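User: Please go through the model shown below. I will ask about how the copies meet, then about single elements.

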2 protein chains.
Amino acid sequence: MSDDINDRHRLRMERKKAIIDAKIAAADKQIGIIIVNTGNGKGKSSSAFGMAIRAMGHGMKVGVVQFIKGALQTGEERFLRRFPDEISFHAMGEGYTWETQNRERDIAKAQEAWQKAKEFLADPQIGLVVFDELNIALKYKYLDVEAVINDLLARPEMQHVVITGRGAPPELIEIADTVTEMNVVKHAFKAGIGAQAGTEW
Amino acid sequence: MSDDINDRHRLRMERKKAIIDAKIAAADKQIGIIIVNTGNGKGKSSSAFGMAIRAMGHGMKVGVVQFIKGALQTGEERFLRRFPDEISFHAMGEGYTWETQNRERDIAKAQEAWQKAKEFLADPQIGLVVFDELNIALKYKYLDVEAVINDLLARPEMQHVVITGRGAPPELIEIADTVTEMNVVKHAFKAGIGAQAGTEW
């Protein structure tokens, strides 16, 4: 590696550092934010649970409500239930809607889960709440998006919320602070590899 | 809600269930896969750490090597270091490259980190390895992509690997099983909200 390349690298990195430092200095607001993970790709829920342990690492308490999912106990849930003083779980139960095929029961379950969600949203001791697969419940209109948004916006000022699921409604994207779309580039499932413990659930 | 809507919903869900059940039955291979989380959006690393706890929930051991990052101890790292028998951490240290501005030192550190990575890749007791921000080290050519790929492909058959970072090289995408691109729809940083404990680090 010639000195020339190293010098140019150093100069480029100095400029990059100056730009990034300035941006960081300008972004100094500290406030609870709403994060939405949507799209058809992997990583929506796993990212939300990664954020849960991130918050727990900073001593924050976490509340989780799992919409739609719940029949299958996932690895992350099994792991996180070891820390009941740090993270509180509520699973709506009975699996995905195409497993149950009963719309009225799904609506009743979603409404019940939202009551639990509201308890977390009213508790300033909870620094981060995760509403896993809430977007699916909104998509099927099991919950009213305007009512959900009102409850989200009335939460404690410093509380963060992470919402996951395909097809986030535009009204939710509008009020969210950070929205990421997870897109599929390729997926092992297409190559005949099944859902595996540790990677898929 | 009329019976008609509920009936149509039930029929649609029955068809959906049949299609999904058939796909699941066809995808029956169980094998260690390579997962790549790339793109400019949030959730690449947090999803990898979410997968780490997912694996730990199934009793798997996890190995983590953090490339580039490391000067700042993140919340997830602080949390996960509580379980040294379940997850083993190696951080390359010294922060992002624009903080150090010394290419030769960065290369030496990346090579050193890859030695640790190879130890994990040689250990069949480790069910999941996370190479956080490896794509950045590849992008800056701190590591040779062909050498990295050879080591990845030589790992134990049932071991899963999750690789994160912007700008995954095409050679890596080619050999990966599942690739997700996290894209920014909106980001709180743009609205002047700084990187916050619990959501960003």
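User: Through which surface do the copies meet?

Analyst: This is a predicted model, in which local features need pLDDT of at least 70, side-chain atom pairs count only at pLDDT 80 or more, and totals for chains, interfaces and linings use all residues. Residues are numbered from 1 along each chain as its sequence is written, chains are lettered from A and ligands numbered from 1 in the order in which they are written, and side-chain values use heavy atoms, with hydrogens and water left out. Of the interface residues of chain A, 100% are also interface residues in chain B, so the copies meet through the same surface.

User: Is strand 4 of chain B enclosed or open?

Analyst: Strands are DSSP runs of E with at least two residues, and helices runs of H or I with at least four, numbered from the N terminus. Buried means under 20% relative accessible area, exposed over 50%, and partly exposed in between, with a 1.4 Å probe and protein chains only. In strand 4 (residues 126-132) of chain B, seven of the seven residues are buried, so the strand is largely enclosed by the rest of the structure.

User: Which residue is the bridge partner of B:F131 in strand 5 of chain B?

Analyst: Two strands pair if DSSP finds at least two bridges between them. Strand 4 of chain B pairs in the parallel sense with strand 2 (residues 61-66) over six bridges, and B:V62 stands opposite B:L128 there. Strand 4 also pairs with strand 5 (residues 160-164) of chain B, in the parallel sense over four bridges. In strand 5, the partner of B:F131 is B:I163.

User: Is A:Q66 buried or exposed?

Analyst: A:Q66 lies in strand 2 (residues 61-66) of chain A. Leaving out residues up to four places away in sequence, A:Q66 touches A:F49, A:E77, A:F89, A:H90, A:A91, A:M92 and A:D132, where contact means heavy atoms within 4.5 Å. Its relative accessibility is 2%, so A:Q66 counts as buried.

User: How many helices and strands does chain A have?

Analyst: Along the sequence, chain A follows the pattern α-β-α-β-α-β-α-α-β-α-α-β-α-β. The secondary structure comes to eight helices and six strands.
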